[in-house]
Amino acid sequence: PTGRLFLLRPSMRTLLLACLASGSGRAVRLPSSGLIVLGGSGGPPPAAAAAVADGRELRKQLSALRASSDWDGAHGLLWWALREAPSSAETIHCNVVLAALSDAAEWERALVLLEHMRAAGLPRDGYSFSSAICACARAGQPEAAVETFKAMCADDSVEPSSVAFNTALSAAQRASDPVRAAEMVLAIYTLETLSLQPDAWASAAALRALTRLGQRARALELYASLRPEQVSTHTVAAALAAAGPRRDPTALVRIYEAAAAEGVPTTKQTLHAALAACAADASLGGRRALQLLRAAPASAADDHCYSAAIRACATSGETGEAVGLLREMAERGMPPSAHAYCAAICAHRKDGRVDEAIALFSELAAGGAAGRGEAGRGEAGRGEAG
């Protein structure tokens, strides 16, 4: 039937040759999958004969079919026109159908049409590739999306667009295998034929991919090479994750402070990472944590940030500051959680102030159901404090 596609294994060449010999179909080999796809043929759809006589009328009918979400009808009409009156078909007609196939996530048909355009000598533009990449992404086919973007970069007649780049990158991130997803992200980001400048979102994705692959040093090198317009809260957060609060606390705090000095907005995530680094290194400790906490906007300091700052005070033996932060949380209308209490109790324990530690525990126990609930969720925190 018109517009149908059949996926054949490469070994089924006898059937393929029979279809081609009889003129009943068109075959296209997809390099990314190794599959041979047959584009079916059949009788002309209604009004097709009149449509192909005029390119403008053909475009009008294809657009109307797309607007009514009839991708199958648009697809069938275009293929009939390509076979019966190829001189009437232009790139714009293919792009309308590619957009319809993208809307419907019909990725196989989109790739076949894209390949047919090349074989038929129809110029493929950025819209053609972007629609095909989007179809692959919506269908959950990251490998196909990445391969299509690579083909776009290898085509000298097409300038890769940021839309196509980010769509392929987003598809790669959604791969079921996290390691394979990271590899595909890097494959796109580091393409030698890439002629566009990745934005902050794409750079953050590359930093996370490097971190997932264990290439933390390379991630930090990439972050240091980014241009100002490529630095955002996302890239800063990814760089802080690459540094790791326990791996290189000093470097992490330096990255955080440099980003803040450059005007990058501080978020709860980035502030917490910096405070956790202070808690992991006694040379930074509570004093540095207090400086970071005071310099950050109040909206960024949540319960987790305060708990990390209290832990930092415990690390450097600054018991008074730890209790002061605990009281400050209450004054701000932020009931201290079990994690915050555990950090403060730990500070007293390290300082040998057992009675004060017991008093804080009693205060936590008297906090009611909410306090006990937080304590139940804070088993890991109590274990660390013990």
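The largest cavity in this predicted model has a volume of about 40 Å³. A cavity is here a set of points, on a 1 Å grid over the protein atoms alone, where a 1.4 Å probe fits but cannot get out; grid points are joined across faces, edges and corners, and the volume is the space filled by probe spheres set on them. The structure holds one cavity of 30 Å³ or more. Its lining residues, those with an atom within 4 Å of a point, are Val236, Tyr256, Ala259, Ala260, Val264, Pro265, Thr266 and Thr270. Helix H14 (residues 249–261) gives the largest share of this lining, three residues; helices are DSSP runs (H or I, at least four residues), numbered from the N terminus. By class, the lining has six nonpolar, two polar and no charged residues, with Ala, Val, Leu, Ile, Met, Phe, Trp, Tyr, Cys and Pro counted as nonpolar, Asp, Glu, Lys and Arg as charged, and the others, Gly among them, as polar.

Residues are numbered from 1 along each chain as its sequence is written, and side-chain values use heavy atoms, without hydrogens and water. Local features need pLDDT of at least 70 and side-chain atom pairs count only at pLDDT 80 or more, whereas totals for chains, interfaces and linings use all residues.

Turning to helix packing, H6 (residues 107–120) and H7 (residues 126–138) pack at about 155 degrees, with their axes 8 Å apart; axes are lines fitted to C-alpha atoms over the stretch in contact, and angles run from 0 to 180 degrees between N-to-C directions. H6 is therefore roughly antiparallel to H7 (over 145 degrees; under 35 counts as roughly parallel). In the contact (heavy atoms within 4.5 Å), Trp107, Ala110, Leu111, Leu114 and Met117 of H6 meet Ser128, Phe129, Ala132, Ala135 and Cys136 of H7. Nine of these residues are nonpolar, one is polar and none is charged.

Helices H17 (residues 303–315) and H19 (residues 338–350) cross at roughly 5 degrees, their axes coming within 8 Å, which means that H17 is roughly parallel to H19. Here Ser307, Ile310, Arg311, Ala314 and Thr315 of H17 face His339, Ala340, Ala343, Ala344, Cys346, Ala347 and Lys350 of H19, a contact of seven nonpolar, three polar and two charged residues.

For H8 (residues 142–154) and H10 (residues 178–189), the angle is about 10 degrees and the axes lie 11 Å apart, so these two helices are also roughly parallel. Pro142, Glu143, Val146, Phe149 and Lys150 of H8 meet Arg180, Met184, Ala187 and Ile188 of H10; six of these are nonpolar, none is polar and three are charged.

How values were computed:
On a 1 Å grid over the protein atoms alone, a cavity is a set of points where a 1.4 Å probe fits but cannot get out, and a pocket is an open set with protein on both sides within 12 Å along at least five of seven lines; lining residues have an atom within 4 Å of a point. Angles under 35 degrees count as roughly parallel, over 145 as roughly antiparallel, 65 to 115 as roughly perpendicular and the rest as oblique.
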